[in-house]
Amino acid sequence: MAIVEDEKSEVFLLQLYHQVEMTEDILVPGGILIIKDPYLKLTADGRHGLRVDHVSDAVFLLAHDRRVPSCWHSELTNPQLKSADFWKTKGKEFLVNQDIRPQLNIFDVGSLLIRQSGSRGRGLFTTKAVKTGDLMFCEKAFAYAFHEGEGTSGDSSRLTMNLLIDINANSFTSGAQPELITMLVRKLYRNPSQTSAVKGLHCGSYSPVQGTFDIIDGMPVIDSFLLTRILLLNSFGCKFPEKAGALKRPVGIDRLGNVFPSLGLWTFASHMHHSCLSNAFCSFIGDMTIVRAIADIPVDAEITIQYLNPFNPQRQQKYIINWAFACDCAMCEDDDHTSDIVIAKRKRLGESLQQLLRLLSRRGGSSGTAGIASLIRKSSDLLAEMEETYIKPTEEVPRLTLWVGYRDFACALTLTGAGLSSNAQKAIEIGLKALRCLRFVIESGSLGSNQGLVVKKWGYMAPGELDCWICLKTAYDCTGSHELALAAEGCAKVCCRIQLGEAETFQ
Ligand SMILES: [Zn+2]
């Protein structure tokens, strides 16, 4: 609400509804706006006021707009009404004076190309070969909603929760998603030149209204339902790395039930198709996505990422419902051919193993080495039994449940084995086995072989992989094999760069 005045100096109370930027002070002193079809309404105090219900009925003018009445030209002193060019020049001056140089290529797409990928629509392809860990591109988000979570600020006035109720889809969403939709609507409405960035993005079976994004009365026609669909199908949840998870970061939950703190739309990155056995990985620093290769990729190959965590047993249904495709990768096919009995057996063995590992970690500091030896033997037996449940060779299909078991075993041994070289030796053997479960091809790496540690082929990028490399490094150090420890640290850095976006903070 504000008091406004027209060219004839008549004063009214103005009420604006549904403006996209309700949180900002849009009615600034000295600001000028056109009201289409002004509607006078009786106000609570018995007088009359102007009421604007439709967002496009209020047209905000900049100081230099030719529609500004001539009688107001001399009064235009409000700094907020300066032109875009004015602020652009001002920004450039700041940049030059403060000598701020970009540290990354913001949009380095020299080695990539968007083109048709069979029946799947447009995809992203390499134009030159890339190596594991190589940076393929960085992209700033087109729109980005940071979800702060509940009860984190301590300030009760900030505990707001956005809810999006979709009657057509019979679903509701909370957290960052509704916020992101509003942000995108606002951005495109205010910046018609930017609509081309979202125009061709996949919107599933939705048919946009005719004339969407056309300029009518100087503003684009915005189809909110279209943008909602585009976001549902193209946005990325930016999961904080596990490293940050320990800091109890606030989290949000996306519509698929995945836990994500924030959500964004990266229009270039959204061209990447899905594969469970993907060759690229997206990490996030703020609203920047950093996409790196997780395999050696030849020229003219399609770049793929994982849309959902392959540990998620319902992922196939979600691919069909949300993106209208069924994943036919070796891993999904293997899942189809694995009976529920086998899955239950792996789960049961995994749970028994976790019990043993808890005991192992607890006894680590005590002197009962005989007890520890027995726990190690029992754990090895359980893992050997789990290994029996797999049929396909690891070169074809990563063994995810087994990987988790071996990784946790290696970590428990490393913690227990501080100073105990026999445990460290076992940790190395188990740690290497864990990585081989993920299709890693590692040459040597065993103690006393004098061949060093060489990763011939990088495997599947799984959560907790960084932990495994750090355990290996620690275990090598415990046995006095410092060269091998250095090699393991090098691999840990590559892994860190891929999973966290950078290795500068590795230490
Ligand atoms: Zn798959």
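**Figure 1. Overview of the predicted model.** Of the 507 residues in the protein, 43% are buried, where buried means under 20% relative accessible area, exposed over 50% and partly exposed in between (1.4 Å probe, protein chains only). This is a predicted model, in which local features need pLDDT of at least 70 and side-chain atom pairs count only at pLDDT 80 or more, while totals for chains, interfaces and linings use all residues. Residues are numbered from 1 along each chain as its sequence is written, and side-chain values use heavy atoms, with hydrogens and water left out. The protein has 13 helices and 24 strands; helices (H or I, at least four residues) and strands (E, at least two) are DSSP runs, numbered from the N terminus. Among the contacts with a separation of 6 or more, 63% are made by residues 24 or more positions apart, a contact being heavy atoms within 4.5 Å.

Figure 2. Five bridges connect E9 with strand E21 (residues 288-293) in the antiparallel sense. Leucine 135 has arginine 292 in E21 as its bridge partner.

Figure 3. The expected span of a helix is 1.5 Å times one less than its number of residues. Helix H2 (residues 176-190) has 15 residues and reaches 21 Å from its first C-alpha to its last, close to the expected 21 Å. The buried residues of H2 include Leu180, Ile181, Leu184, Val185 and Leu188. Helix H8 (residues 340-363) has 24 residues and reaches 35 Å between its first and last C-alpha, close to the expected 34 Å. In H8, the buried residues are Arg346, Leu349, Gly350, Leu353, Leu356, Leu357 and Leu360. An α-helix has 3.6 residues a turn, so residues three or four places apart point the same way.

Figure 4. The 14 residues of helix H12 (residues 465-478) should span 20 Å at 1.5 Å a residue, and the end C-alpha atoms are 20 Å apart, which agrees. Buried in H12 are Glu465, Leu466, Cys468, Trp469, Cys471, Leu472, Ala475 and Tyr476. The cover over these buried residues includes helix H10 (400-416), H11, strand E23 (441-444), strand E24 (453-457) and H13. Glycine 480, with a positive phi near 80 degrees, follows H12.

**Figure 5. Cysteines of the model.** A disulfide is taken as a pair of cysteine sulfur atoms within 2.5 Å, and by this rule the count comes to zero. Cysteine 411 is in no disulfide; its nearest cysteine sulfur, that of cysteine 471, is 3.0 Å away. Cysteine 411 is buried, with a relative accessible area of 16%. Cysteine 276 is also buried, with a relative accessible area of 0%.

Figure 6. Lysine 36 forms a salt bridge with aspartate 217, the closest N and O atoms being 2.6 Å apart. This pair links distant parts of the chain, 181 residues apart: lysine 36 lies in the loop between strand E3 (32-35) and strand E4 (40-42), and aspartate 217 in the loop between strand E13 (215-216) and strand E14 (219-220). Lysine 36 is partly exposed at 26% relative accessible area, whereas aspartate 217 is exposed at 52%. A second salt bridge joins aspartate 335 and arginine 315, with the closest N and O atoms 3.1 Å apart. Aspartate 335 belongs to helix H7 (residues 330-336) and arginine 315 to helix H6 (residues 315-323). Aspartate 335 is partly exposed at 38% relative accessibility, while arginine 315 is buried at 3%.

Figure 7. The side chains of lysine 426 and glutamate 429 meet in a salt bridge (3.8 Å, N to O). Both residues lie in helix H11 (residues 421-437), three residues apart, about one turn of the helix. Lysine 426 is partly exposed at 22% relative accessibility, as is glutamate 429 at 39%.

Methods
Two strands pair if DSSP finds at least two bridges between them. A salt bridge is a side-chain nitrogen of Lys or Arg within 4 Å of a carboxyl oxygen of Asp or Glu.
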